[in-house]
Amino acid sequence: MIEVKNLSKSFEGFKALDGLSITVPKGSVYGLVGPNGSGKSTLIRHIMGIYRPDGGEILVDGKPVYENPEVKGRLGYIPDDIFYFTQANIMDMMKYYSSVYPSFSRERFDKLSEVFRLDPKKPIRKMSKGMQKQCAFHLCMSLCPDYVILDEPVDGLDPVMRRQVWSILSADVAEHGTTVLVSSHNLRELEDVCDRVGIIDKGSVILERSLLELQDNMCKIQAVFPEGSVIPPELEVLKEESTGKLRTLIMRGNASEIEDKLSLLEPVYMEALPLSLEEIFVYELGGADYAVKEIVL
Amino acid sequence: MLSKKSFFNFGFFKKSCSRFSPLWLLYLLIWIIILPVGAGTSLRYVFFANLEEKASSFNAYVMNCVYIGGLIMGIIFGILSAMAVWSFLYSRRSCDGTACLPIGRTALFISATASGLVPFVIANLITALITVVAFANITGVIAIAGRWLLLTSLIFLFFYAMAVFIAQLTGNIIALPIVYGIFNCLAVAFEAIVKGLSSEYLFGLTFSGDFTLSFLSPPFEFARILWGTYKSHNVIYHYALAAVVLLVLGCIIFGKRRMETAGDVVAFDILKPVSVILAGIGGGLGLGIILFYLLEAGRGEYSLVALGIYMCIGAFICCFAAQMAISKSFRVLRRSLPFFAITAALCFLFCLNCSVDFLGVENRIPADKNITQVEIAGVGENTILKDPENIKKVTGLHKIIIENKASMKRRTYDRYEFVENSYSVSLVYTLGSNRTFTRSYLICGPCANDIMRELQDNIINSDEAVLSRKQLSVEPIPRNIRYADIGISMTARECANASGYTDAKQYLMEVYGGFTPTEIANMSPEVYKLAFGECIANYCLNVPGKDYAGYPDYPNEAVSEVRDIAFYYPDVFDGNESYFTYLAESFDEDRMFFNYQVNLNSAEISSLYYDCILPDFENGLMGKLWLLREDLENNLADGYIFFEVSEEDEATGIERWESFRTFPVTGSSRTGAFLAERGIVLHPVSEINSSHIFWG
């Protein structure tokens, strides 16, 4: 389990993380979402033991990460900007990582070679962005990590390879109880793989729940109400749109409870629709002053 | 292999070594060219020498490789190696990629540092091994190559450690070599500028290249000692110890370094204001002074107000430039102002002190009890005094000089003008811990003669002073004497007699004219007459009452003083006229003085020193220095006795050199008799008058 407790970090007076706390349960796939500059990458660098926190602590299975090679040896990391030596090909990097990480498995590396099919002699710098990502996955998964920390991991991968990567990760989670923390803006994809989500903004966590809880806490209602009907004030409407008589309401709360209360208005038509993670993200952050601005140019 | 307590990561080390192998292979290649190949080329010139001479030449070449090659290679490759192995610190991507590895900071530091050091030491080892194999026939080649290996590796270690230390303070690959360069010469440059400028304005303050802080500028300190006369390897050992300290400090700093500073010019917040202020001071003292001299040169007196203004301009420019580099922004005006204010205040204080000497630099004299010795320089020969009574006399005289500073204080604009009746004197006090305190004065004005009389009669010619001038640390026994040179002013007749000639003209024609006896014998009477006769009056200089009739360059000029002799000889052998001239009114073999060079062998020089010079030093006028002109002219003979001695230190193999110079006096009974046996006649300077050769 990864525990981040009250983490703070400032860069030259700018508070990048402000008392942030999250918990990533063991064996879960945790999605970290947030707007640009919200502190996701900074948080990940703390979890990887790259940055030293100004305040708070980061524990992996109860042990601090910073300056703890034993813990860091159990973490696999794919940053948004992948690191490799200028002249190195994947075999060079494999040799390097195998000499540094005690858990590196050559057997696994060879197995994954069949999946990724990268040219072992081609310098990584000469590969396309997507190929470089594949390379990073190949090496990262060969470390047999207990924890996989991914920062925008599938950016640049083609759809087939995306599925391939997620399938490898899912298999690891299922077979070895690997814990995955993934930061991404591709919420559609996170929705498919994550079982827990944390939304952060301005260096703090806005909410952190399982995907089911998250979806259970907000719903989208499409209904046609009789003329003059007023939505009961106890129902929190986050957004409302009308197309003719058809009203679309984004409301906070459990879908069936909301339906029960709205049915008292005797709607002509009413249907509760599931909310996508992207919609949840947009509407949650809308409350945090990050709504999509309707600008007429 | 890996644990919490691991202090080294072989994987990281190996990768880092292999990644930067071109660098250390280049280093190896250069050393192979310099050492075994270069030594082979050098030894070709002593191919026919005996084994001992060959070994000596080989040793000298190899040690020069340490002193010059080792230093230059260390300076260059030290920084290149550090830039290579610590390059991961300077971009966010590589910094993150390295910092997330399961390697502790200490282990990372040791592994990275070792990867920049070990290959170079191995390259040195390979070079030494090749040298041993290539020169196996040379006696002691293993010891010589071993010494080269040790000393070269230690020099490299120091410069590399220094670069590693600096690498921890900066987060920018371009800033690293710049800061390294600044660190290497900062102290010397700072001291030179401050001392040089202060000596322009403060009475007695002098700067003659004697650096107190040169140890903080290692290349200068290495060069000063390793390229100087008295070479000592201790400097290398001391800096090697400093390298260890720097590496330990570097390790501590690396442990505290924040990886988010990758790309920043300065990696630690606390150092940012310090850097801006240092840049401002550097700008004030460097750029400001350059502007000052460029724009104020030729204006006569250098104004301190102008100096202060230019220093502030330099400080302003550099403060802002540094702040811009650190902040990576052009909008730094407000942030920079406090730092500029600090540096401007320091510049102002410096100028104020140059003007009113509020620090009391001009009046400072060390307390007698703190002085271990005083050296009086600038009076012909340096004199060292250690006797407390003599030291007290010196400080007493120093007080008198300071009391009279108003009448002799030099103004900047008359620095290069001749000051009538003036004498230069430097006092170098050695205090505890070998610190020195130096003041230099141009003694002039109404009190000048009294001060110089006191200095001459009671200080520099005291028994201790005279005896101090004879002491040599290398014994001048025949086998240590390397060079000897005696020059005495004598008349043409005396020179001829001493050289075994009966005819002074013949002597001069041969020795000074370069004519062979056959050429002289074949000269027509007209030509011979031209050489020593009236023709000189027609063609040459310095004939009282006569003009230069016939001499095309000076058709109508007359002269009033006879100074030199002249020969005129038209070269008629190749059809074109050419001239050899050595000028005189007319030839007078008893009035014309020449420099007579005496050739003595090492046994004679040794005997002259022990049997004549030393006793004459102890009881007689010899060894005394004459500061006042009338005393000098009446006592001193126009000539000198000079020799050099050297001795090899058996432990280090370093040759210690020393020289001895003294001036014969007309009253030196033993030395005079020794020289008289060889036909040498001593004339006091007054007798020679304006024809003297050695005393101006």
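Chain A and chain B meet through 31 residues of chain A and 29 residues of chain B, where contact means heavy atoms within 4.5 Å. The model is a predicted one, in which local features need pLDDT of at least 70 and side-chain atom pairs count only at pLDDT 80 or more, while totals for chains, interfaces and linings use all residues. Residues are numbered from 1 along each chain as its sequence is written, chains are lettered from A in the order in which they are written, and side-chain values use heavy atoms, with hydrogens and water left out.

The size of an interface is often given as the accessible area lost when the parts come together. Between chain A and chain B the buried area is about 2700 Å², and carbon and sulfur atoms give 54% of that area; buried area is the accessible area (1.4 Å probe) that two parts lose on being put together, summed over both.

Five salt bridges are found across this interface, a salt bridge being a side-chain nitrogen of Lys or Arg within 4 Å of a carboxyl oxygen of Asp or Glu. D80(A) and R92(B) form a salt bridge in which the closest N and O atoms are 3.7 Å apart. On the side of chain A that touches chain B, β1 (2-11), α2 (69-72) and α3 (90-100) each supply at least two residues. Helices (H or I, at least four residues) and strands (E, at least two) are DSSP runs, numbered from the N terminus. The element that gives the most to this side is α3(A), with five residues. The residues of this side comprise 16 nonpolar, four polar and eleven charged; Ala, Val, Leu, Ile, Met, Phe, Trp, Tyr, Cys and Pro count as nonpolar, Asp, Glu, Lys and Arg as charged, and the others, Gly among them, as polar.

Chain A itself has ten helices and 14 strands. Its C-alpha trace spans about 75 × 45 × 40 Å along the principal axes. Of the 297 residues in chain A, 50% are buried, which means under 20% relative accessible area, with exposed over 50% and partly exposed in between (1.4 Å probe, protein chains only).

Two loops of chain A deserve attention for their backbone angles. Most residues other than glycine have a negative phi. R117(A), however, has a positive phi near 50°; this residue is found in the loop between α4 (106-116) and α5 (129-142), and it counts as exposed because its relative accessibility is 67%. C144(A), also not a glycine, has a positive phi of about 50°. C144(A) lies in the loop between α5 and β7 (147-151) and counts as partly exposed because its relative accessibility is 31%.
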